[in-house]
Amino acid sequence: MSVGFGAIPELPVEFGELSRVAQELRDRAGILPGAGAEAASTWDGLEAVYEAPEAEELIAKMRSLVLVSADVGGALVRAADIMDQLADDLMWLAMRRRGLVDDAEEFSSASRGVEDPERASELEVQIERFATAVQERLDQARSDLDAIAPPPPWAVAIPDASPPPLGPRLTWSARTEARADDMVLAPLFSLARANTSRVARLLAAHPEWAELLRAYPPSPEVVRAWWDTLPPGTVAALIDGAPVLIGALGGVPPLDRVAANRVSARARLREVEDELPGREHVLQEGTSADLQAERRAAVAALLAERDYLLSVDAGEVQLYLYEPADNRIIEMFGTPGPGTTRVLTYVPGTFTRVDSFYRGEVQRISQWMTDQESAMVAFVWKGEDFPGDDQYPGQAGFGIGLLEANDPDRAAPAGEALARFQREVSSDPSLADGLQIAVGHSWGLVPITASEMHGARYAQVHSLSGAWVPDGWAPHSSTSYSHWSYTDALSMAQDGMLVIAGRAPDCVSAFQSHIYERKTDAEVPLGGDLAPFLDPDGPTLRVSLSPLANHNLIAGVSEENKNALIDLKEGLMG
């Protein structure tokens, strides 16, 4: 039995043309209110020049033209919404058809006259279902358009009449959510039908699938419901054949994401090992001191990355997200499961880069906490650009990073990204029952509090020398807030009003502050009314002789930070 391309129905409507018509309808809808008002206004002076019993009635009807034009405009917008949604759905049906064509082509090529009735029957069923889906979607669009209530006749559209309902408006957020949930079905169903090598070929042939899934991420609940229906062989094929996609797909179980990112890390490890010999070879070539230093730094960076990826390959490091080219990485500690009682999300601070993970600079708190408490799962989150992570060189880069850390516009995108991550975590069955806790070091407090403004909820929020909270942020009634710090460079800048004024955590009443003293601290008098002469009884500024060391100390696990670390642990476990 052979399957020809003619058996797979073409889409009867081009989705790009639908979008064009929808925009044209919106353009016309935008013109109508002004045109109605202009027409009505031209009759306002009629009574002054024309006295007749019907004049008043005529003017009233002309004034009602404003309402009628608004009703017609509303109907046009409703029709445009329906056509836009149909265009979106047809786009995904076109992708689904492309997958069927590929399957049929592969079947025809592979069989070459050899009978395979079972596979042929399966293809026929899939084609029939596709044809049914297309027809049902077109019928639904026709029904939705027919349901639009027409505007009332002009003769009865008096000024005080209530306009007839046009039915529920399709808001952009509702359309996006529905489209995202539907979107995941076509490409992922196509991938789930294939073996490992075919999954890889499908993604190579359709790179737009991964891009569209990233642009319109489906809800983690829908992904998890789909994932739970897959047999083990299909799960293994998706992990091995589409590791980049699966390793970043919210709703995929954490340990399966870790497995997928392990495959991606293994591929990157091969690239690093291929690159290292050439880099090391040129170290011996004569050149300027600056270029030699640059080459040594490049080799050191590759060696650190190699050692980190070897740990990933060995299963010693668990990557929940691994997108180094896009500046995103999330590491997981612990094992999610029914016994998980606490879920810690740790957000490091300014200058955190992907290679900060390679060098083990940002994972210490999370690793230490999970070592102390086996029922805890911890994540170290870098799911968005951080201040100072774009690696400008030297002192210029340091200054740029500090300016970026003080930029209020950075709060919203980081908060949105962290809120999406938090939704993934809190919806996962192996993590959902755990107490959700967030800890932010330095600028890391900003995404945490910004994520609360985008719907994230935590039982506890802990600031480790946290920078500031966004404008408009308010504490949640069910969340406890704590601030832990030494006197350091950040607190001194905050006291000097060099950081966003009035929103440092030790100035926000919701945070319970714990400030630890060190021998290198000092109180510096600022002077009184007779300044610059010092007033012994005047205000003072608390300073430290080791400001940068103290700022990093609070996020470390050294013996010097032991007291603060134990207090933080008791706070987390309280």
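**Exercise 1. The contact of H462**

Task: Find which side chain joins H462 in a polar contact of 2.7 Å.

Solution: 
- The side chains of H462 and Q460 are joined by a polar contact of 2.7 Å.
- A polar contact is a pair of N or O atoms within 3.5 Å; within protein, one must be able to donate a hydrogen and the other to accept it, and residues adjacent in sequence count only if both atoms are side-chain atoms.
- H462 sits in strand β6, residues 460-464. Strands (E, at least two residues) and helices (H or I, at least four) are DSSP runs, numbered from the N terminus.
- H462 has a relative accessible area of 1%, so H462 is buried. Buried means under 20% relative accessible area, exposed over 50%, partly exposed in between (1.4 Å probe, protein chains only).

A note on the model: it is predicted, so local features need pLDDT of at least 70 and side-chain atom pairs count only at pLDDT 80 or more, while totals for chains, interfaces and linings use all residues. Residues are numbered from 1 along each chain as its sequence is written, and side-chain values use heavy atoms, with hydrogens and water left out.

**Exercise 2. Salt bridges**

Task: State how many salt bridges there are, then describe the pair R423 and E221.

Solution: 
- A salt bridge is a side-chain nitrogen of Lys or Arg within 4 Å of a carboxyl oxygen of Asp or Glu. The count is 17.
- In the pair of R423 and E221, the closest N and O atoms are 3.0 Å apart. This pair links distant parts of the chain: R423 belongs to helix α18 and E221 to helix α10 (residues 220-227), 202 residues apart.
- R423 is partly exposed, at 35% relative accessibility. E221 is partly exposed too, at 39%.

Task: Name the salt-bridge partners of R328.

Solution: 
- R328 meets E323 in a salt bridge, at 2.8 Å from N to O. E323 is buried, at 9% relative accessibility.
- R328 also meets D326, at 3.7 Å from N to O. D326 is partly exposed, at 34% relative accessibility.
- Elsewhere, salt bridges that share partners join R224, D228 and D428 into one network.

**Exercise 3. Helix α9**

Task: Identify the buried residues W209, L212 and L213 in helix α9 and say why they lie on the same side.

Solution: 
- Helix α9 covers residues 207-215, and W209, L212 and L213 are buried there.
- They cover an arc of only 100° around the axis, so they lie on the same side of α9. The arc is that of the directions from the helix axis to the C-beta atoms.
- An α-helix has 3.6 residues a turn, so residues three or four places apart point the same way.

**Exercise 4. Cavities**

Task: Describe the two cavities of 30 Å³ or more.

Solution: 
- A cavity is a set of points, on a 1 Å grid over the protein atoms alone, where a 1.4 Å probe fits but cannot get out; lining residues have an atom within 4 Å of a point. Grid points are joined across faces, edges and corners, and a volume is the space filled by probe spheres set on the points.
- The largest cavity holds about 60 Å³. Its lining includes R224, Y320 and D428. Helix α18 (residues 411-427) gives the most to this lining, three residues.
- The second largest cavity has a volume of about 30 Å³. Its lining includes I365, L464 and N561. Helix α22 (residues 562-573) gives the largest share, three residues.
- The largest cavity's lining has five nonpolar, two polar and three charged residues. Ala, Val, Leu, Ile, Met, Phe, Trp, Tyr, Cys and Pro count as nonpolar, Asp, Glu, Lys and Arg as charged, and the others, Gly among them, as polar.

Key
On a 1 Å grid over the protein atoms alone, a cavity is a set of points where a 1.4 Å probe fits but cannot get out, and a pocket is an open set with protein on both sides within 12 Å along at least five of seven lines; lining residues have an atom within 4 Å of a point.
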